[in-house]
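The following paragraphs lead through the structure shown below, with attention to how its parts meet.

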Amino acid sequence: MRRYHRKDWLKFREEVIELDGGACVRCGSSRRQGAILQVHHKEYLSGKLPWEYPYELCETLCRGCHAGEHGIVQPFTGWECVGYDDLGEPSGECELCGTSIRHVFFVRHAKWPSLEVGEICCDHLTDTTLASNHMDSVRRFEAR
Ligand SMILES: [Zn+2]
Ligand SMILES: [Zn+2]
Ligand SMILES: [Zn+2]
């Protein structure tokens, strides 16, 4: 499985938010007001990872406006796992179920915001065993 660097995504996300003045481009809510800001990709580029997009195709939205953009029902199919990262300690959080995770899988969808999830949620979303197979081999390697 392809390795990605979570910090590249975090850095890109912060850059987009900064370019938009640290606020949602639709309703103007800022972090200071307690808004959770996310990056929306205006188009889906299949060959590009979410942090490789040109800035003009990205915009900052608060969680509420972002949900309005995509609808409320998360798609069950069509998810693709594009990489994983080992944070070295459980400092991440699965964006689907909220558990602490050390091994982060990055999943994306043409019509839904990308998510960083744990092994089990990755298997669920992609309807494959890619993530658990990957973790099996990591655990085997660590057990040696
Ligand atoms: Zn907003
Ligand atoms: Zn979006
Ligand atoms: Zn999860």
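A salt bridge is taken here as a side-chain nitrogen of Lys or Arg within 4 Å of a carboxyl oxygen of Asp or Glu. The model is a predicted one, in which local features need pLDDT of at least 70 and side-chain atom pairs count only at pLDDT 80 or more, whereas totals for chains, interfaces and linings use all residues. Residues are numbered from 1 along each chain as its sequence is written, and side-chain values use heavy atoms, with hydrogens and water left out.

The domain assignment, which is automatic or taken from a database, divides the protein into domain 1 (1-72) and domain 2 (73-144). Taken over C-alpha atoms, the centres of domain 1 and domain 2 lie 20 Å apart. To the contact (heavy atoms within 4.5 Å), domain 1 brings 20 residues and domain 2 brings 24 residues.

Buried area denotes the accessible area (1.4 Å probe) that two parts lose on being put together, summed over both. Between domain 1 and domain 2 this area is about 1800 Å², and carbon and sulfur atoms give 56% of it. Of the area that domain 1 buries against domain 2, Met1, Tyr4 and Tyr44 supply 37%, more than any other three residues.

Under the rule stated above, two salt bridges cross the interface of domain 1 and domain 2. A salt bridge joins the side chains of Arg3 and Asp85, with an N to O distance of 3.1 Å.

Key:
Chains lettered and ligands numbered in written order.
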